[in-house]
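Take a moment to look over the chain before reading on. The paragraphs below go through it piece by piece.

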Amino acid sequence: MNVTRTQLNGRDNWSVKMKHTVKAVLLKIRSGAGKSRVPLQIIAGRLRYLSPLPRRFTGAYLSFDDAIAAAAKLGPLTGYNHDEIAHVSFEKMCEVVPWDYPVMFWLSRLGPDIDGVLDAGGHLGTKYRAFRGMLDLPENFQWIIYELSAIAEAGRKRAKLDGLDQLRFVDSLEDAPRLPLFLGSGLMQYLDVPLSSLLSGLPALPRHLLLNKVAFKKAGPPVVTLERIGKAYVPYQMRDEKAFVSDLEKLGYRQVDRWSIPAISHVIETHPELGASESAGFYFRLQQT
């Protein structure tokens, strides 16, 4: 096999970068006077920055702004608001998975008392598409998707193409109607504000909240990492559960149900020493005033 000078130079540059990275990590560990109990794990994680292999999760940041700034250096697409990634994994996202069943249980249980749902972060209507064959939804039931502008536009086009008249998309809270149920399935890790801020921007607080796939940090402070979705790097937050629940309780919500989802626990490949995340789902009900 012939190897060009350019390839040799590339390998040399990669080797130099690796040596510098290892040296920097070792110096950091040494300066910590033995405080780190998993130095080899840290070294292995940091070296993954240099690996040409794709990673799902990269980096650990204190805030969404820090993560966005880092994402801008990694590639041309930053964040979720891009038509190029609207259809990534669409078919798979329309499938019913085990952790959907608690949501469908509560939707069925609440069905007689609700006439619609605001599906925040509902992508192209994937949960509606997944659930509609398993739920007895009346023809006048409103399924409203609140999404980023690029995703909402792609959703409108796809719903029209598929003849799904019950699906409607809005990209502004001002355009969202008063609905009794708020659904956030996979929303929280991508939301850059407290959920209470989003709910307070609605015409009225929904009586019911169904929140699924909420990512929490098992130990230590919350962290924001970058998730690779298609060609984009998207901030992904692992929150503190106590603070998350307290934030909703201040609005008058009471936790009725909680379910764990161990199958979607994640480790940040470049920062394995931070440990795995924990995912959970919730049903909250607004207390009568």
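Helices (H or I, at least four residues) and strands (E, at least two) are DSSP runs, numbered from the N terminus. This is a predicted model, in which local features need pLDDT of at least 70, side-chain atom pairs count only at pLDDT 80 or more, and totals for chains, interfaces and linings use all residues. Residues are numbered from 1 along each chain as its sequence is written, and side-chain values use heavy atoms, with hydrogens and water left out.

Start with the whole chain. The chain has nine helices and 11 strands. Buried residues make up 45% of its 289 residues. Here buried means under 20% relative accessible area, exposed means over 50%, and partly exposed lies in between (1.4 Å probe, protein chains only). The accessible surface of the chain comes to about 15,700 Å². Carbon and sulfur atoms hold 53% of that surface. Such areas come from the Shrake-Rupley method with a 1.4 Å probe, and for residues only the protein chains shown count as cover.

Now look at contacts, meaning heavy atoms within 4.5 Å. Take the contacts in the chain between residues at least 6 apart in sequence. Of these, 78% join residues at least 24 apart.

How far can each part be trusted? The guide is pLDDT, the predictor's confidence in each residue, from 0 to 100. The mean pLDDT of the chain is 83, and 76% of its residues reach 70 or more. Confidence is lowest in helix H1 (residues 5-31), at a mean of 47. It is highest in E10, at 98. Over residues 1-15, pLDDT stays under 50. For that stretch the model has four contacts beyond four places in sequence. Where pLDDT is low, the predicted coordinates should not be read in detail.

Next comes the sheet. Seven strands form an open sheet in the order E5-E4-E3-E6-E7-E11-E10, with mixed pairing. Strand E5 (167-170) and strand E10 (253-260) stand at the edges, and each has a single partner strand, so one side of each is left without a neighbour in the sheet. From one strand to the next, the twist averages 25°. The axes behind such angles are lines fitted to C-alpha atoms, for helices over the stretch in contact, and angles run from 0 to 180 degrees between N-to-C directions.

Follow E11 through its two partners. Two strands pair if DSSP finds at least two bridges between them. Strand E7 (residues 208-217) and strand E11 (residues 277-286) run antiparallel and are joined by eight bridges. Ala215 has Ser279 of E11 as its bridge partner. Leu209 has Phe284 of E11. Seven bridges join E10 to E11, and these strands also run antiparallel. There, Trp259 has Gly281 of E11 as its bridge partner. Seven of the 10 residues of E11 are buried, so E11 is largely enclosed by the rest of the structure. Lys213 lies in strand E7, and its phi is positive, about 60°, although Lys213 is not a glycine.

Move to the loop between strand E3 (116-120) and helix H6 (126-131), where Leu124 lies. Is Leu124 buried or exposed? Its relative accessibility is 0%, so Leu124 counts as buried. Leu124 is 32 residues from Arg156 in sequence, yet their C-alpha atoms are 7.8 Å apart in space. His123 is in that loop between E3 and H6 too. His123 is buried, with a relative accessible area of 3%. Its phi is positive, about 60°, although His123 is not a glycine.

Thr126 brings us into helix H6. At 5% relative accessibility, Thr126 counts as buried. Leaving aside neighbours within four places in sequence, Thr126 is in contact with Phe90, Met93 and Cys94.

Finish with helix H7 (residues 149-162), which has 14 residues. From its first C-alpha to its last, H7 reaches 20 Å, close to the 20 Å expected at 1.5 Å a residue. That expected span is 1.5 Å times one less than the number of residues. Which residues of H7 are buried? They are Ala150, Ile151, Ala152, Ala154, Gly155 and Ala159. An α-helix has 3.6 residues a turn, so residues three or four places apart point the same way. What covers the buried residues of H7 includes H6 and E5. After H7 comes Gly163, whose phi is positive, near 70°.
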